[in-house]
Amino acid sequence: MFDNYEWFKSKVLALTAIDLNAYKERQMKRRIDALITKNKLNSYEEYLNLLRKDKVALKAFVNYLTINVSEFFRNTEQWKVFENTILPYLFEKKGKKLKIWSAACSTGDEPYTIAMILLKHMARTQFELIATDIDDQVLAKAQSGMYNSKSIAGVPNEFKSYFTDLGSGTYQISDKIMSCVKFKQHNLLKDPYPTNCDLIVCRNVLIYFTDEAKDNIFHKFNRSLNSNGVLFIGNTEQILSPKTFGYKAIKSFFYTKDSEA
């Protein structure tokens with residue numbers, strides 16, 4: 001639709017540290033072109049000038065790029081496997097002292113889901129839960145702990161007491177759950193990864209990356225995991241050759257670090 005996309009990608013990298021080369025081009029270019037049209041602009045150059053001078057437009061651009069779709073207990077069956085199979089496995093291998101990283105956590109639904117499940121089985125002092133995302137706007141939303149009825153629709157009855165109805169379809173998650181999660185800004189493509197993790201959760205995010213970028217992330221996740229640590233990915237993703245990256249498949253969408261790799 002517009003010319004000079006290669007030029008635009010290089011300028012976006014300098015401006016935001018987001019490397020658009022790591023994203024699937026057809027999909028990402030279509031999203032950006034639509035955003036330019038929405039802003040009633042005629043070229044990548046005009047749009048870049050807007051991003052440079054308008055902080056609100058820049059934040060909206062980053063938020064739009066990072067494709068934030070999340071909800072509590074998304075894909076419920078996977079969370080049942082996590083609670084009934086993966087947690088017992090981790091307790092057996094690690095004892096009840098876990099370090100967990102929720103990568104590309106979006107608005108916090110996922111790490112708060114993890115926290116609710118963990119508190120059923122262990123004390124707050126027995127786990128460290130880090131949640132990261134590239135987008136500071138969604139991190140601010142996560143730290144506010146406020147969600148709409150759609151976001152919490154999948155929350156099982158046993159956990160609904162953690163939410164207070166504020167009216168007008170808005171719900172506040174409890175301080176008890178919020179205090180379990182430490183949020184940080186992090187770029188999966190360029191920033192150093194947390195180390196000594198027993199569990200990494202990164203779901204329905206890697207599908208937007210190129211195969212090369214995705215492979216690199218899988219390798220870096222593996223280096224971040226302790227021996228026998230677990231990687232939990234989304235139902236839109238799978239690792240076709242887990243051994244290539246140092247993993248063994250233990251359940252659909254769950255992979256353990258292969259100590260023999």
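**Strand β10 and its neighbours**

Strand β8 (residues 225-233) and β10 run antiparallel and are joined by three bridges, where strands are DSSP runs of E with at least two residues, helices are runs of H or I with at least four residues, both being numbered from the N terminus, and two strands pair if DSSP finds at least two bridges between them. Within this pairing, Leu-231 stands opposite Tyr-255 in β10. The model is a predicted one, in which local features need pLDDT of at least 70 and side-chain atom pairs count only at pLDDT 80 or more, while totals for chains, interfaces and linings use all residues. Residues are numbered from 1 along each chain as its sequence is written, and side-chain values use heavy atoms, with hydrogens and water left out.

β10 also pairs with strand β9 (residues 247-251), in the antiparallel sense and over four bridges, and Thr-256 in β10 is the bridge partner of Lys-248. Two residues lie between the strands in the hairpin of β9 and β10, and in this hairpin Phe-253 takes a positive phi near 75°.

As for the side chains of β10 (residues 254-257), Phe-254 and Thr-256 point one way, whereas Tyr-255 and Lys-257 point the other way, and all are buried; buried means under 20% relative accessible area, exposed over 50% and partly exposed in between, with a 1.4 Å probe and protein chains only.

From β8 the pairing continues to strand β7, which runs parallel to β8 and is joined to it by five bridges, with Cys-202 opposite Ile-233 in β8. β7 (residues 197-202) has six of its six residues buried, so this strand is largely enclosed by the rest of the structure.

Turning to the chain as a whole, nine helices and 10 strands are found. The chain is as compact as a globular protein of 261 residues, because its radius of gyration of 19 Å is close to the 18 Å that the globule rule gives for that length; the radius is taken over C-alpha atoms, and the rule is 2.2 Å times the number of residues to the power 0.38. Of the 261 residues, 50% count as buried. Among contacts (heavy atoms within 4.5 Å) between residues at least 6 apart in sequence, 74% join residues at least 24 apart.
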